[in-house]
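Please keep the sequence and the model in view while reading.

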Amino acid sequence: MIMNLFSSFDPSTNWNLSLNWTSSLICLIMAPSMFWLIPSRFNFLWIMVISTLHKEFKTLLGPTSKGATLIFVSLFSFILMNNFMGLFPYIFTSTSHMVLTLSLALPLWLTFMLFGWINHTIHMFAHLVPQGTPPVLMPFMVCIETISNVIRPGTLAIRLSANMIAGHLLMTLLGNTGQSLSIIMINALIVVQLLLLVLESAVSIIQSYVFAVLSTLYSSEVH
């Protein structure tokens, strides 16, 4: 029984060298194999997923963005791989930490803001006041839009890490109660844990998709 529930997310090992963050790089080591191995069914499935994402992101970004979908498809793939890696036992969940999620969201948001304010200043000012706003409410709308724009990287990072933490905490809580249960209750607990594992797999896909789509939408606003 662990004393602190959140200690399961601590990046610590039994050695002096911390190897937990290497789980984020395993997907980068495994990914190039699809470029030189004979295409398998998994490769065809993954290529189909990437092509679908490319078409959707291209629709969101518009016809002027040539090659910009590569960034967001790569972002989706990276987050998805890390989310799935965290579902395996004894593998560090890197996307449950704000260190990783904020380091993905903040540079993207800063890049969009710098590009927009330098190249499309009038367009960015127009975004601060929605169309049809009464003149009396314009100062308040500027404040609200500015605040909502500033907290975007934080909401992206917190949404991803909080969803990863919530499911893992629930599975940890249920798993720690198995020692004091009867055989029938343990069987029921195993079924519930399997259902939670399926739910967490769906959450891993959904959250990586949400992160990539919201980043795409934020990028399309500065064009």
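How many residues does α8 have, and how far does α8 reach from its first C-alpha to its last? Helix α8 has 25 residues and reaches 36 Å from its first C-alpha to its last, close to the 36 Å expected at 1.5 Å a residue; the expected span is 1.5 Å times one less than the number of residues. The model is predicted, with local features needing pLDDT of at least 70 and side-chain atom pairs counting only at pLDDT 80 or more, while totals for chains, interfaces and linings use all residues. Residues are numbered from 1 along each chain as its sequence is written, and side-chain values use heavy atoms, with hydrogens and water left out.

**Overall make-up**

- The protein chain has 9 helices and 0 strands, where helices (H or I, at least four residues) and strands (E, at least two) are DSSP runs numbered from the N terminus.
- Of the 223 residues of the protein chain, 33% count as buried; buried means under 20% relative accessible area, exposed over 50%, and partly exposed in between, with a 1.4 Å probe and protein chains only.
- The accessible surface of the protein chain is about 14,000 Å², and 76% of this surface belongs to carbon and sulfur atoms; such areas come from the Shrake-Rupley method with a 1.4 Å probe, and for residues only the protein chains shown count as cover.
- Among contacts (heavy atoms within 4.5 Å) in the protein chain with a separation of 6 or more, 75% come from residues 24 or more positions apart.

- The buried residues of α8 include Arg152, Leu156, Leu160, Met164 and His168.
- The cover over the buried residues of α8 includes α4, α5, α7 (138-150) and α9.
- The largest nonpolar core has 30 residues, and those with the most contacts inside it are Phe57 and Phe211. The elements giving two or more residues to this core are α3 (41-61), α4 (69-85), α5 (98-119), α8 (152-176) and α9 (183-220).
- A nonpolar core is a set of buried Ala, Val, Leu, Ile, Met, Phe, Trp, Tyr and Cys residues joined through side-chain atoms within 4.5 Å.
- Leaving out residues up to four places away in sequence, Phe57 touches Thr69, Phe72, Val73, Ala212, Val213 and Thr216.

- Thr69 is found in α4 and is buried, with a relative accessible area of 5%. Its side chain makes a polar contact of 2.7 Å with that of His54; a polar contact is a pair of N or O atoms within 3.5 Å, and within protein one must be able to donate a hydrogen and the other to accept it, while residues adjacent in sequence count only if both atoms are side-chain atoms.
- Phe76 also lies in α4 and is buried at 5% relative accessible area. Phe76 and Ala212 are 136 residues apart in sequence, but their C-alpha atoms are 5.5 Å apart in space.
- Asn83 lies in α4 and counts as buried at 0% relative accessibility. Beyond four places in sequence, Asn83 touches Thr95, Leu160, Met164, Ser204 and Ser208.

**Annotated spans**

- An unreviewed UniProt entry places the feature "transmembrane region" at residues 20-38, 68-92, 98-118 and 181-199; positions are given in the numbering used here, feature names are shortened, and annotations may be inferred rather than shown by experiment.
- Residues 98-118 are 100% helix and 0% strand, with end C-alpha atoms 29 Å apart.
- Residues 181-199 are 89% helix and 0% strand, with end C-alpha atoms 24 Å apart.
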